[in-house]
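The questions below go through one structure, a few residues at a time. Please keep the sequence and the model at hand.

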Amino acid sequence: MQTSTRERIVVATARLLQRQGYVGTGIKQIATESQATLGSIYHFFPGGKEAVAVAAIRHGDQEFAALLKESLDSEPDPAEAVLSCTRELAAGLKESGWVDGCPVTAAALETLGAESDLQQACADALNGWEWLVRDKLLGCGFAADDARELATTAISAIEGAEVTAQVNRSEEPLLAVGRQLARLIRSYGIDPPRP
């Protein structure tokens, strides 16, 4: 299936953000990586680099949300589902040579304190992922407040563990966080629904 020029620009930018962050990614590099002209980039994204980055963050958001949802849906037990997600992230990060981290985290950290569309796209992504975990926990019988706080804890821990895994070039931070999150979720004593 042939991808459109706009889609190539968005995907290439998402990969660049994963590997080198927002500040380290230039518009000419985006053109080169996406095999597009600067004119094409500005045609699709009149707002320039930030507009392309916002679209790339939304793309990365959708990719991770799909992986997270698949992991959460793969196991009736929410503890095992979160553990499955961290295992999959650890394997993918190792396979990428420790370079394909989360584009949302990289861009969010570089744009802290700025009220911008980019910062809002990052917030929307993180909040959306929390909602996916929260919904899984609610569906398993967790109280609303517990589900909300556990979801925030899970996404925050996973994002931090992913950065730590990259820095240390080791799967262990993600695997350890997965084990500890599973233990925490089980500590509530709620039996998972039967399939």
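Q: In which helix does His43 lie?
A: This is a predicted model, in which local features need pLDDT of at least 70 and side-chain atom pairs count only at pLDDT 80 or more, while totals for chains, interfaces and linings use all residues. Residues are numbered from 1 along each chain as its sequence is written, and side-chain values use heavy atoms, with hydrogens and water left out. Helices are DSSP runs (H or I, at least four residues; strands are E, at least two), numbered from the N terminus. By that numbering, His43 lies in α3.

Q: Is His43 buried or exposed?
A: Buried means under 20% relative accessible area, exposed over 50%, and partly exposed in between (1.4 Å probe, protein chains only). His43 has a relative accessible area of 59%, so His43 is exposed.

Q: How far apart in space are His43 and Arg6, C-alpha to C-alpha?
A: In sequence, His43 and Arg6 are 37 residues apart. In space, the C-alpha to C-alpha distance between them is 9.3 Å.

Q: What span does helix α1 reach from its first C-alpha to its last?
A: The expected span of a helix is 1.5 Å times one less than its number of residues. Helix α1 covers residues 5-20, which is 16 residues, and the expected value is 22 Å. The model comes close to that, with a reach of 22 Å.

Q: Against which helices do the buried residues of α1 pack?
A: The buried residues of α1 include Ile9, Ala12, Leu16 and Leu17. Contact means heavy atoms within 4.5 Å. The buried residues of α1 pack against α2, α3, α4 (49-74) and α6.

Q: Which of the two, buried or exposed, is Trp98?
A: Trp98 is found in the loop between α5 (78-95) and α6 (103-110). Its phi is near 70 degrees, a positive value in a residue other than glycine. The relative accessibility of Trp98 is 11%, so Trp98 counts as buried.

Q: What is the relative accessibility of Gln35?
A: Gln35 also has a positive phi, near 55 degrees, and sits in the loop between α2 (27-34) and α3 (38-44). Gln35 counts as exposed because its relative accessibility is 67%.

Q: How many disulfides does the count come to?
A: A disulfide is a pair of cysteine sulfur atoms within 2.5 Å. By this rule the count is zero. For Cys85 the nearest cysteine sulfur, that of Cys102, is 11 Å away, and for Cys102 the nearest, that of Cys122, is 8.3 Å away. The number of disulfides is zero.
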